[in-house]
Amino acid sequence: MSRTVDSNVAEEKSGASSQDLQRSERMKIIYVTYIIAALDITWMFLQFSVTPYLARKLGFDTLWFGYLQTTVGVIQLLGGPMFGRFADLFGARAALSLSSFASVVFFLLLAIADSPAMLFIHKLPAVFMHGLPGVQMVVADISEPEKRADALSKIGLCFGIGMIAGSTLGGTLNKHYGETFAACFAAFGSAISLMLVVKFIPKSTKAQAPRNNTDSHSKSKSVFDLGEITRLMKFPGVLTTFLVKIISGLPQGVFQVMFSIIAMNFFKLQPEQNGYLMAYLGILQMVIQGGVIGRLTERYSERSLLLLSIALSSLVGLAQAFMLNVFQFCFIVIPMMFSLSVFNVITDSMLTKSVPSSDTGTMLGLCASVQSLLRTIGPTIGGFLYENYGVPSFGLIQFVVNILVFIYLLQRGFKKEVLQSVTEVHKETTR
């Protein structure tokens, strides 16, 4: 009798410890994922601190630098949805390994770029470089739905750390050792990221739910099946949120794409000064996404925060229209970073909640393609506006576009549409 009781107690303890182990294992994966995200952003911003000055050395003017940025946008626009679909089919480890390996090749090609043609060629591996969507997929899959916005916002904390480290490293290494050494350093760092992925990221992060006919049909499809990618737009609320993400984000995206040119020509910053400015932006990003957004999502609805971010973005645009120097920009950038951070986190959270868990990678790949779309058309639009109307035009367009989107969302039953979407997804996953 005592043996039976002891065995039952042992089984209960074993079950409890198994649950704790599973929980601790999930948290370990999330923390390692955050480290991978911080490293990935570090190398990206190191590249941002190197490429504009290397391009200028190779004879690029504003127009040709715009073409270079457009090339990257087109490449990643094509690769983003495919990468997300690849992650859903083959798992997080395979997807992030592919992204990290492509980063190594990308930076090695940048290190040997000694002509305009090589500068374009080194951008080709960017078709597979989607580390941030891959990291977001891991966090979205592992975190609980009600805590998803907070978990995704913590990636922004990693973004801030990477922005500070990458910009500072890029400016310093570029100044003291040159572009080649900086690129090789980033290639070595990307190799470290690859090792972390292989060691710690599980093969798949998807919940082991019973497969229905829809799931097996989805799995049988190819990575390049556009029908399986675009079908996500048919879920209620997805198309509206996606269009808002594109239209409202376009003016700010154009400004971001042109910022390196604005920093050099309008603010007259040197590489090291530009690195300090980016580090300042990184600190703001860390404070906002690491300590502010999580608390806001606990107290306010996602729709309210989305409307707040769009309204604030319009006011930021108005302030940008009257901006004269980098000192004024350092004040304007505080509400700018807040509105941008809230907007991106909330729209990503809403979109991933609006589709089944088996499609979060594809959905985040589509979200990443929005940024790629902005980088594709942004340089052309930005170059035209900068050459003909100057920096104030960016702010005025941002003000007008976001005011119109804000009014549209107020008049439309947006909240009902999103709630209907979440309900329908729940029904499909439990069917």
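Reader: At roughly what angle do the axes of H3 and H7 cross?
Author: Happy to start there, keeping in mind that this is a predicted model. The axes of these two helices, H3 and H7, come within 8 Å. Their crossing angle is roughly 165°.

Reader: Is H3 roughly parallel or roughly antiparallel to H7?
Author: Angles over 145 degrees count as roughly antiparallel. The axes of H3 and H7 cross at roughly 165°, so H3 is, relative to H7, roughly antiparallel.

Reader: Which helix gives the most residues to the lining of the second largest cavity?
Author: Good one to trace in the structure! Helices H1 (2-57), H3 (92-111), H5 (131-142) and H7 (179-200) are the elements that each give two or more residues to this lining. Among the lining residues are Leu96, Ser99, Ser100 and Ser103, and these numbers fall in the range 92-111 of H3. With 4 residues, the top contributor is H3.

Reader: How many residues in the lining of the second largest cavity are polar?
Author: This cavity holds about 70 Å³ of space. Its lining includes Asp40, Trp43, Gly131 and Ser190. The lining has 4 nonpolar residues and 1 charged residue, and the number of polar ones is 6.

Terms used: Residues numbered from 1 in each chain as written. Predicted model: local features only at pLDDT ≥ 70, side-chain atom pairs only at ≥ 80, totals over all residues. Heavy atoms only, no water. 1 Å grid on protein atoms, 1.4 Å probe; cavity = no way out; pocket = protein on both sides within 12 Å on 5 of 7 lines; lining within 4 Å. Points joined across faces, edges and corners; volume = space filled by probe spheres on them. Nonpolar A, V, L, I, M, F, W, Y, C, P; charged D, E, K, R; others polar. Axes fitted to C-alpha atoms, helices over the stretch in contact; angles between N-to-C directions. Parallel < 35°, antiparallel > 145°, perpendicular 65-115°, else oblique.
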